[in-house]
Amino acid sequence: MTQADGIAGSLGVPISVVLRASDTILEHATSAYLQARATVTILPQQGLAEADVSVMLLHSLDDDWLRVLKQDAARAGDAPVPVVVMADRVNERQLTLAVEYGLTSFLYRSSSSLEQLLHATMEASSGRSRMPDELVGHLIAELGHQQRQQTLARLTRRGGLSAREIEVLRMLSEGLNTVEISERMSYSERTIKGIIHDSVKQLKCKNRTQAVAQAVRTGIL
């Protein structure tokens, strides 16, 4: 079965939707279009917990709407409702937060039709998502950053070292000297030597070489 066949088939599956929009005219027009498809039932906002999908049509996914998403996610608890947003604008920070609050699919209003919105909504109800390519690239990069930060925090707790101390040990393990490390981190060489001294002491080692070896052995590096 092709993707087109799958989408066509999904249009026959009834779903319930909570629809919100930046202005009343846009909301009424979209609601009329969706309800003309016998598969879609529009629920009132207070029916979000029973909805299959939350749909938002916005001028911009701004901080006010992000607060709405956050409140929805908090109310949903362990049973999140997938969110489809069609908007004119979104920046990278807003997109990252929106995904954290349940955003499944995003469409630009300038290049998307109501039919595409309907398809995205049906896809979301069955666990699929769609994002413009440039937004996917940002999300992948952001996910990688978050994973690195989580890993660093975990390793910090494991060795009792600060993130800065771990970073200095990592550079030492790569063969950099204190001058090179100070240049990379924009600290004085004296500060870098102090960080190394504290790391050696924290790891209960005799010198920096032993400290690096200990960090590698214990999985800190």
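The questions and answers below concern a predicted model.

Biologist: How many helices and strands does the secondary structure of the chain come to?

Modeller: The chain has 221 residues, of which 41% count as buried. Its accessible surface comes to about 12400 Å², and 51% of that belongs to carbon and sulfur atoms. The secondary structure comes to ten helices and five strands.

Biologist: Are helix H7 and helix H10 roughly parallel or roughly perpendicular?

Modeller: H7 covers residues 163–173 and H10 covers residues 208–217; their axes lie 10 Å apart and the packing angle is about 105 degrees. Angles of 65 to 115 degrees fall in one class. Therefore H7 is, relative to H10, roughly perpendicular.

Biologist: Which residues of H10 are met by residues in H7?

Modeller: The residues of this contact divide into five nonpolar, one polar and one charged. On the H7 side they are Leu-169, Leu-172 and Ser-173. Their counterparts in H10 are Arg-208, Ala-211, Val-212 and Ala-215.

Biologist: Does Leu-172 count as buried or exposed?

Modeller: Leu-172 lies in helix H7. Leaving aside neighbours within four places in sequence, Leu-172 is in contact with Ile-181, Ile-196, Arg-208 and Val-212. The cut-off for burial is under 20% relative accessible area. Because its relative accessibility is 14%, Leu-172 counts as buried.

Biologist: What distance does helix H5 reach from its first C-alpha to its last?

Modeller: H5 spans residues 114–125, which is twelve residues. The buried residues of H5 include Leu-117, Met-122 and Glu-123, and just after the helix Gly-127 takes a positive phi of about 90 degrees. At 1.5 Å a residue, 16 Å is expected, and the helix comes close to this with a reach of 17 Å.

Biologist: Is Ser-186 buried or exposed?

Modeller: Ser-186 is found in the loop between helix H8 (178–185) and helix H9 (189–202). Its phi is near 60 degrees, a positive value in a residue other than glycine. With a relative accessible area of 65%, Ser-186 is exposed.

Biologist: What is the relative accessibility of Lys-204?

Modeller: Lys-204 has its place in the loop between H9 and H10, and its phi, near 60 degrees, is a positive value in a residue other than glycine. Lys-204 counts as exposed, its relative accessibility being 75%.

Terms used: Residues are numbered from 1 along each chain as its sequence is written. This is a predicted model: local features need pLDDT of at least 70, side-chain atom pairs count only at pLDDT 80 or more; totals for chains, interfaces and linings use all residues. Side-chain values use heavy atoms; hydrogens and water are left out. Axes are lines fitted to C-alpha atoms, for helices over the stretch in contact, and angles run from 0 to 180 degrees between N-to-C directions. Helices (H or I, at least four residues) and strands (E, at least two) are DSSP runs, numbered from the N terminus. Angles under 35 degrees count as roughly parallel, over 145 as roughly antiparallel, 65 to 115 as roughly perpendicular and the rest as oblique. Contact means heavy atoms within 4.5 Å. Ala, Val, Leu, Ile, Met, Phe, Trp, Tyr, Cys and Pro count as nonpolar, Asp, Glu, Lys and Arg as charged, and the others, Gly among them, as polar. The expected span of a helix is 1.5 Å times one less than its number of residues. Buried means under 20% relative accessible area, exposed over 50%, partly exposed in between (1.4 Å probe, protein chains only). Accessible areas come from the Shrake-Rupley method with a 1.4 Å probe; for residues, only the protein chains shown count as cover.
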